[in-house]
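Take a look at the chain below. Start with the overall fold, then follow a few helices.

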Amino acid sequence: MKIKKVVEELDPYVPGRSIKEIARDYNLNPDEIIKLGSNENPLGTSSKAVDAVINDLKLMYRYPESDLKGLTSSIASYSGVSTEQVIIGGDGADEILDVLGKTLIDPGDEFIVTLPTYTYYEFTFKIHGAVPVYAKWNMPENKVNIDSILNSITSRTKIIFLCTPNNPTGGIIEKGDIKTILESTDSLVVVDEAYFEFSGENNVDLLKDYDNLFILRTFSKVMGLAGMRIGYGLGNSQLISYMKRVKPVFSLTRLSQIAAYATLTDTEYITESISVSIESRDYLYRELSKIPELDVYESKANYLLADIRRTGMNSPLICEKLLERGIIVRDCRSFRGLDDYWIRISVGTLEEDEKFINVLKQIIG
Ligand SMILES: Cc1ncc(COP(=O)(O)O)c(C=O)c1O
């Protein structure tokens, strides 16, 4: 049997580690583990979503809806677009990325990513036979390097990924810069707004002027549904209809649809989730900035990136010490463009944040 070359050569994707896995590996009580590793919602799931799912449990033997009319309308009105501009994915925003790859990529096409950024773009598009071209995200300025993107565009460029706020750095891309890129190319510009709710900014208004804009979003962050795997994309209706041709028909489960729909009706939960996360982010930023050995970056998302090299420890060591004490943060070594001295900390409840800060201070000494 001959495995596809790209698959043979592919570096596996490194996801954040789960509470269950850490409890087992470190012999810890799962209830006492603090998870600040995967940018989830510290408030938990909306109670309206929980009730709606419980009410539907007995219908698990039925196939899900395939046209997703109800959820599509409610996403369209939440986002301020028409229903023809919406596509929903059943393995989160990651599935939407895969569907974009299936729809657009011929082997040898190029895609541009600004390093460091969300690693799944590269992982998925390589599988589709596309070739990554690396542009830059400037650190310590925490700003996209526009020239490096413009200089990377070739006749083979199919997609340009712009993540705003950027994962893992937390910086945003100005709308003017996004327009500059949209106007410099016919390639699709994917603006990943997985964390837009925490930044107070979005780029939906540009959809009416730019057919080559696609906005990627998720229910995994502020909507508190990471485990249900729901993502969506907003784009021009022609692209969306081609994407729907290749998307797995039933990838969004019944329960995920129900949970997503109910969460969108729970506006109080959404508003509170945003304010709780911003409060936590501000607290963590203030407290981490007081630790002289750390360089922490301002963020518009629900996580903070810290350069830890002046602690004298590298990220695997500091993460290991935190794990032994029941705290999960993200070791950023798997982000191309970052070396062995970066960690990303997701917002928690204020109580979790406080415990984390105390443990971190003990470890640094
Ligand atoms: C920037 C960014 N985009 C997309 C995703 C994918 O989200 P999901 O597949 O959980 O919807 C993530 C998840 O961490 C992310 O950080």
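The protein chain of this predicted model holds 14 helices and 13 strands. Its radius of gyration is 20 Å, close to the 21 Å that the globule rule gives for 365 residues, so the chain is as compact as a globular protein of that length. Along its principal axes, the C-alpha trace spans about 55 × 55 × 50 Å.

Buried residues account for 44% of the 365 residues. Now take the contacts between residues at least 6 apart in sequence. Of these, 71% join residues at least 24 apart.

Here are the helices named in this report with their residue ranges.

| Helix | Residues |
|---|---|
| α3 | 47–56 |
| α4 | 69–79 |
| α5 | 92–104 |
| α10 | 237–246 |
| α11 | 254–265 |
| α12 | 267–289 |

Helix α11 has 12 residues. From first C-alpha to last, α11 reaches 17 Å, close to the 16 Å expected at 1.5 Å a residue. Which residues of α11 are buried? They are Ser256, Gln257, Ile258, Ala259, Ala260, Ala262, Thr263 and Leu264. Their cover includes α3, α4 and α12.

Next comes a helix pair. Two packed helices are described by the angle between their axes and the distance between the axes. The axes of α5 and α10 come within 9 Å and cross at roughly 100°. Angles of 65 to 115 degrees count as roughly perpendicular, so α5 is roughly perpendicular to α10. On the α5 side, Val99, Leu100, Lys102 and Thr103 make the contact. On the α10 side, Tyr242, Met243 and Val246 do. By type, the residues of this contact are five nonpolar, one polar and one charged.

Technical notes
Residues are numbered from 1 along each chain as its sequence is written. This is a predicted model: local features need pLDDT of at least 70, side-chain atom pairs count only at pLDDT 80 or more; totals for chains, interfaces and linings use all residues. Helices (H or I, at least four residues) and strands (E, at least two) are DSSP runs, numbered from the N terminus. The radius of gyration is taken over C-alpha atoms; the globule rule is 2.2 Å times the number of residues to the power 0.38. A residue is buried if 20 or more other C-beta atoms lie within 10 Å of its own, exposed if 12 or fewer, and partly exposed in between; C-beta atoms are placed from the backbone. Two residues are in contact if their C-beta atoms, placed from the backbone, lie within 7 Å. The expected span of a helix is 1.5 Å times one less than its number of residues. Axes are lines fitted to C-alpha atoms, for helices over the stretch in contact, and angles run from 0 to 180 degrees between N-to-C directions. Angles under 35 degrees count as roughly parallel, over 145 as roughly antiparallel, 65 to 115 as roughly perpendicular and the rest as oblique. Ala, Val, Leu, Ile, Met, Phe, Trp, Tyr, Cys and Pro count as nonpolar, Asp, Glu, Lys and Arg as charged, and the others, Gly among them, as polar.
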